Amino acid sequence: MAKLNIIMVSFVVLIVSNTCIPSLAVEENEPKKLWDQCVVKISPKCALNIISQVFGNGVVSIPCCQELVQEGKECHDTLVKYIADRPSLIRNESKYLQKRDEVWAHCVSVSKALSPA
């Protein structure tokens with residue numbers, strides 16, 4: 001659980017630093033598209049909520065599901081893959097990618113159920 005907390009805190013720091021100080025947030029080897037198009041689309045609170053479900057035992061709230069669907073599948077997939085590729089997580093990457101897809105499917109169904117017909 002401590003490893004998950006460190007990952008979540010690191011991710012929030014990246015999100016906040018990217019939105020406040022973009023020039024400091026992007027390292028040369030990081031996918032620029034990730035930072036320019038995806039990270040700014042979702043609140044830090046919801047990012048933590050989603051990360052806690054994909055990489056731990058959390059549950060994504062309905063408002064965060066709606067933010068996730070607005071963010072888009074490509075961004076969700078890219079962000080989770082980016083985190084899952086960390087050396088400390090890579091051995092369980094396939095599990096995290098499966099959970100990523102489950103979270104996406106759940107959030108899409110929740111969002112559709114809440115959308116006016």
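Angles under 35 degrees count as roughly parallel, over 145 as roughly antiparallel, 65 to 115 as roughly perpendicular and the rest as oblique. This is a predicted model, where local features need pLDDT of at least 70, side-chain atom pairs count only at pLDDT 80 or more, and totals for chains, interfaces and linings use all residues. Residues are numbered from 1 along each chain as its sequence is written, and side-chain values use heavy atoms, leaving out hydrogens and water.

Now take α5 and α7, whose axes come within 8 Å and cross at roughly 100 degrees. The two helices are therefore roughly perpendicular to each other. On the α5 side, Ile62, Cys65, Gln66, Leu68 and Val69 are in contact (heavy atoms within 4.5 Å) with α7 residues, including Val103, Trp104 and Leu114.

On to the rings. Rings of Phe, Tyr and Trp (its six-membered ring) pair if their centres lie within 6.5 Å; planes under 30 degrees apart count as stacked, over 60 as edge-to-face and the rest as tilted. That rule gives one aromatic pair. Phe55 and Tyr96 form it, tilted, at 4.6 Å centre to centre with 50 degrees between the planes. Phe55 sits in helix α4 (residues 44-55) and Tyr96 in helix α7 (residues 93-114), 41 residues apart.

Definitions and conventions: Helices (H or I, at least four residues) and strands (E, at least two) are DSSP runs, numbered from the N terminus. Axes are lines fitted to C-alpha atoms, for helices over the stretch in contact, and angles run from 0 to 180 degrees between N-to-C directions.
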